[in-house]
Amino acid sequence: MKQYHSIIKNLLFAGALTTGLFACVGESSDQLTIVTPASGARVKFHHAVSDGPGISILVNNRQFSGVLTTAPATPGIITYGNFYPANDYATIEAGSAKVEVIVPAAGTTAQTTIISGTVPLEANKYYSVFAIGSAAAANLEPLVVEDKLTPADTSKAYLRVVNTIVNATTGYDVGFNGTYAAATTNVAYKKATDFVPITPTAIGAAALPIQVRATGTTTNLAAATFTLAPVKGRFYTVLLRGRVGGTGTQALTSALFTNR
């Protein structure tokens, strides 16, 4: 399988929602051969559509995400709240590639392409690509954020906020252990803050409380605690996801993941 995670970044730049298109299962079921290039774009894909189906990624009409076992095995599926690859970033060869995000076939329902496009990939850059929007409202789109992972102070860890709350009508403030840094306040939908320095959690220290509140209010909407690894120079993202007033899997929540 060629680590063509570039599909995701390409996807983002493609940005066009395509309906009524169907990928040929026979063409897309061949897994790419894994070859990690020495250099290229680094990409991680996040499924942040709380009412969305599981999806699969194709590059140049061939399966990218997940692992195929015995043909014609079902491609690996990325579901809401998950990301791919699970660890670090996929390294993609620089250049252009045809990228497709699909909803795989199920029963008598054909495989459907929901995003498709051909875009260039820049070498030696890191990207997080978030699938956002609402499936019910048919406004799915990709949000691409460049991840700048060079620490200004290697004694610190770094944290940022990305807002994917689909029906947000206001910005959100995110506090870390009761401190609301100016850089992480009033974060609007489809926006990502810069990484801000924080003191790494000491070994054995209590988990760090995170507070999320609509700007101008004091109610904590997504209380959570996260234990940050005591690694200096590490980068983290707090992802705001779900929907205002949502319940169950669509509840407004905050999630933490490590960029690097």
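Predicted model: local features only at pLDDT ≥ 70, side-chain atom pairs only at ≥ 80, totals over all residues.
A salt bridge is taken here as a side-chain nitrogen of Lys or Arg within 4 Å of a carboxyl oxygen of Asp or Glu.

Lys190 is partly exposed, at 34% relative accessibility. Glu141 also falls in the partly exposed class, with 26%.

Asp147 and Arg160 form another salt bridge, in which the closest N and O atoms are 2.8 Å apart. Here too, distant parts of the chain are linked: Asp147 is in the loop between strand 10 and strand 11 (157-163), Arg160 is in strand 11, and 13 residues separate them. Asp147 counts as buried because its relative accessibility is 3%, and buried means under 20%. Arg160, at 1%, is likewise buried.

Arg160 is also among the residues that line the largest pocket. The space in this pocket amounts to about 210 Å³. Its lining comprises Val145, Glu146, Lys148, Thr150, Ala152, Tyr158, Arg160, Ala192, Thr193, Asp194, Phe195 and Phe235. Strand 10 and strand 11 are the elements that contribute two or more residues to the lining.

The loop between strand 9 (126-132) and strand 10 contains Gly133. This glycine has a relative accessibility of 4% and is therefore classed as buried. Beyond residues up to four places away in sequence, Gly133 touches Val49, Asp51, Asn139, Leu140, Val166 and Tyr189. For Val166, the C-alpha to C-alpha distance from Gly133 is 5.4 Å, although the two residues are 33 apart in sequence.

Strands of a sheet pair through backbone hydrogen bonds, in either a parallel or an antiparallel arrangement. In the model, three strands make up an open sheet with the order 12-14-15 and antiparallel pairing. Strand 12 (172-176) and strand 15 (224-226) are the edge strands, each pairing on one side only. From one strand to the next, the twist averages 30°. Strand 14 (residues 208-214) and strand 15 run antiparallel and are joined by three bridges. Within this pairing, Ile210 has Ala224 of strand 15 as its bridge partner.

Notes
Residues numbered from 1 in each chain as written. Heavy atoms only, no water. Pairing = 2+ DSSP bridges. Helix = DSSP H or I, 4+ residues; strand = E, 2+ residues; numbered from the N terminus. Axes fitted to C-alpha atoms, helices over the stretch in contact; angles between N-to-C directions. Buried < 20%, exposed > 50% of the residue type's maximum accessible area, 1.4 Å probe, protein only. Contact = heavy atoms within 4.5 Å. 1 Å grid on protein atoms, 1.4 Å probe; cavity = no way out; pocket = protein on both sides within 12 Å on 5 of 7 lines; lining within 4 Å. Points joined across faces, edges and corners; volume = space filled by probe spheres on them.
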